[in-house]
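Biologist: Please take me through this model term by term. For each label, tell me the value behind it and the cut-off it is set against.

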Amino acid sequence: MSVIGAYLRLARVGWVLVREGVVSALPTEGMPPLARTAHAFAGLLERRKASREDRGDRLARAIERLGPSYVKMGQFLATRPDVVGAEIAVELSALQDRMATFPREAAVATVEGSLGRTLDDLYVDFGDPVAAASIAQVHPATVRDANGERKVAVKVIRPGVRQRFTHDLEAMYAAARLQEKILPNTRRLKPVEVTRTLEQTTKIEMDLRLEAAALSELGENTKDDPGFRVPDVDWERTGRDVVTMEWIDGIKMSDVDGLRAAGHDLNKLANTLIQSFLRHTLRDGFFHADMHQGNLFVDPQGVIVAVDMGIVGRLGKKERRFLAEILYGFITRDYQRVADVHFEAGYVPSYHDTASFAQAIRAIGEPIHGQPAETISMAKLLTLLFEVTELFDMETRTELVMLQKTMVVVEGVSRTLNPRFNMWKASEGVVGDWIRDNLGPKRLLTDLRDAAHAALRLAEAAPEIAAKAEKLSQDLTSMAEKGLRFDAETAEAIGRSEARHGRSGRIALWVIAATLVYIAWTLG
C-alpha cells in the first residue's frame, strides 16, 4: 500500500506542476516527440493566470501549494545545480519560507512537551510568532536568570511536520527511481542518493538540538574572529522540538538602504562576509551552508550575526586543500597544478589524461584573466569548473557542490553591498595564509606532528593488536587441525534452514509426482 500511496502522491505533485504552469514553462529543446506532445497537452491544462507569470513565480507557487516538505526540497535542490541545472537552481534559491504560522497554543504544547516543564517555569513571557518556515516558527520571549531578564528567540518545530515529510519522502524516492529507470543518462547524478541526502539533512534539521550544537560549534570557532558571530544558545531551554537562543537586534543584510542609513561601511561588511566564510571553510572545515540575506543581520556595533544553522557543510583536509589549490592555481595560472590536484584527490578517474584535463582548465582560466578583477566571480569560476569536470566523468560530490552553492550565495550578498566588490582581493589574505600554513614549509611540521600522534596511538593499541593476532593464529591452527566448527546457535540455524529447504523440496517432488500421474492418466 505504501508504494501505491507513493505513486498517488507523486501523481498529485505532477498535477500541481501542470496546473501551475511549471511543466509548460520548461524548454522543449532536445525533447523526443512524445515528450513534446505531453508538454503541449500540459499547456492546455494549466491555470489561465499561470500563463501570465514567469517560470520562477510558477515554480514558487507550485511548491508552496505542495506544502512544507516540498518547500524544503526546493531549498535543498537550490544547493544542487548539478542536478536541476543552474537556471532552475537560481529560481529555487529565491524560494523563501512563506508558510502560514500555526497557533500559539500548539507551540506552547510543543515547548512544554519537549522540555518537560510548564511555560511559566521556562519564560517570563512568550509572544506570538514573528516568522514561520517550512519546519519551524520563531517566537519572541523573555527569560530571567541570575543576570536579570533578557530577550530570547524561541524556535519551535511545526506540529506533524515529521510525519508529513515521511509520507512525502516516499513520493520523492519513487520519482528518483523512475528518473533512473526512464532516463539512464541521469544516473551519474545519483537521484536516489540525492534524495537520501535530502532525507538525512532534513531529519537533522528537524532535531533542533543539532542546530543548537551547530551554533555552539561555530560560536567556538569564531569567538576571536573580527566582525562575525552567531547567537548564544540557551541549553536549559533547548530540546528536540525547541531551541532558545539570543535575540538579535540588528538590520537584515537585505536592507541595504537601512544599513547605509545606520552608518555601516558596506564595503567593509562585504569584505568581512566573504573572509569569514572562507575562514570557516579553510581553517575549520565547518561552514554555515545557508548564508542568504535573510539569515544575516548586522548588529549596532557593525558585527555580522548569522542565524538559522539548520543546514551546515563540512570539508575534510583533502577537500580544503582541493579548494585552496584550485583558487591558488587559477590566481597564478598554474593550470597543470589545478589538474594534478583533481587527480591526486581522486575526483577525476585515473584513466583520463591530466594534460587534456589541464587544457580544459585553461579554457576556463584564461578568459577570466582577461577581465577586470572586480568583475571576476569566484563562484562562477567554480561553476564552470564543475561543468568541465562532467566531461571527465567526475561524479557528484555533495560536499563540494554545497560549498560551491554557498559561495555563490555569499558572493552575491557581498556584491549587493558593493557592486564593484573584488572577490580576489578580499579573499587573498585568508587563502594566502592557509596556503602558507598548510601547503608550505609549515605543512611539513604539521604532517610530522600528525604522524607522531598516529604512531603514539598505534603504540598504545599495540598490546591489544598483538593479543588479537595471537588469538587469530590459534584459531587458524585449530581450524587446520580439527576442521571448521560451529557453535550451537549457528548449527541450529543451519539445521532450521536445511529443514525449510527440505520441506520445500519434498513439496516440489509431490507436485511433480502428482503432475506426472495426472498426465499419465490423461494419456491413458
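**Labels and their cut-offs**

Modeller: In strand β3, Q137 has A132 standing opposite. This is a predicted model, in which local features need pLDDT of at least 70 and side-chain atom pairs count only at pLDDT 80 or more, while totals for chains, interfaces and linings use all residues. Residues are numbered from 1 along each chain as its sequence is written, and side-chain values use heavy atoms, with hydrogens and water left out.

Biologist: What makes β2 and β3 a pair?

Modeller: Two strands pair if DSSP finds at least two bridges between them. Strands are DSSP runs of E with at least two residues, helices are runs of H or I with at least four, and both are numbered from the N terminus. β2 (residues 131–132) and β3 have 2 bridges, so they count as paired, in the antiparallel sense. They form a hairpin with 3 residues between them.

Biologist: Which other strands pair with β3?

Modeller: β1 (residues 125–126) does, antiparallel and over 2 bridges, with D125 bridged to T142 of β3. β4 (residues 148–157) also runs antiparallel to β3, joined by 10 bridges. One of the partners there is V156, which bridges to Q137. The hairpin from β3 to β4 passes through 2 residues.

Biologist: Why is L323 called buried?

Modeller: Buried means under 20% relative accessible area, exposed means over 50%, and partly exposed lies in between (1.4 Å probe, protein chains only). L323 has 3%, so it is buried. L323 sits in helix α14 (residues 317–332).

Biologist: How do you know whether N418 and D308 are buried or partly exposed?

Modeller: N418 has a relative accessible area of 17%, so it is buried. It lies in the loop between α18 and α19 and is in contact (heavy atoms within 4.5 Å) with N267 and A270, leaving aside neighbours within four places in sequence. D308 has 25%, so it counts as partly exposed. D308, in the loop between β11 and β12, has a positive phi of about 60 degrees although it is not a glycine.

Biologist: Why are α13 and α14 called oblique?

Modeller: Angles under 35 degrees are roughly parallel, over 145 roughly antiparallel, 65 to 115 roughly perpendicular, and the rest oblique. The axes of α13 (residues 266–284) and α14 cross at roughly 130 degrees and come within 8 Å. Such axes are lines fitted to C-alpha atoms over the stretch in contact, with angles from 0 to 180 degrees between N-to-C directions. The angle falls in the remaining range, so the two helices are oblique. The residues in contact include L282 of α13 and L323 of α14.

Biologist: How do you know what length α10 should have?

Modeller: The expected span is 1.5 Å times one less than the number of residues. With 15 residues, α10 (residues 191–205) should span 21 Å, and its end C-alpha atoms are 21 Å apart, so the two agree.

Biologist: What is the mean pLDDT of the protein?

Modeller: pLDDT is the predictor's confidence in each residue, from 0 to 100. The mean is 78, and 75% of the residues reach 70 or more. Among the elements, β7 has the highest mean (96) and α21 the lowest (52). Where pLDDT is low, predicted coordinates should not be read in detail.
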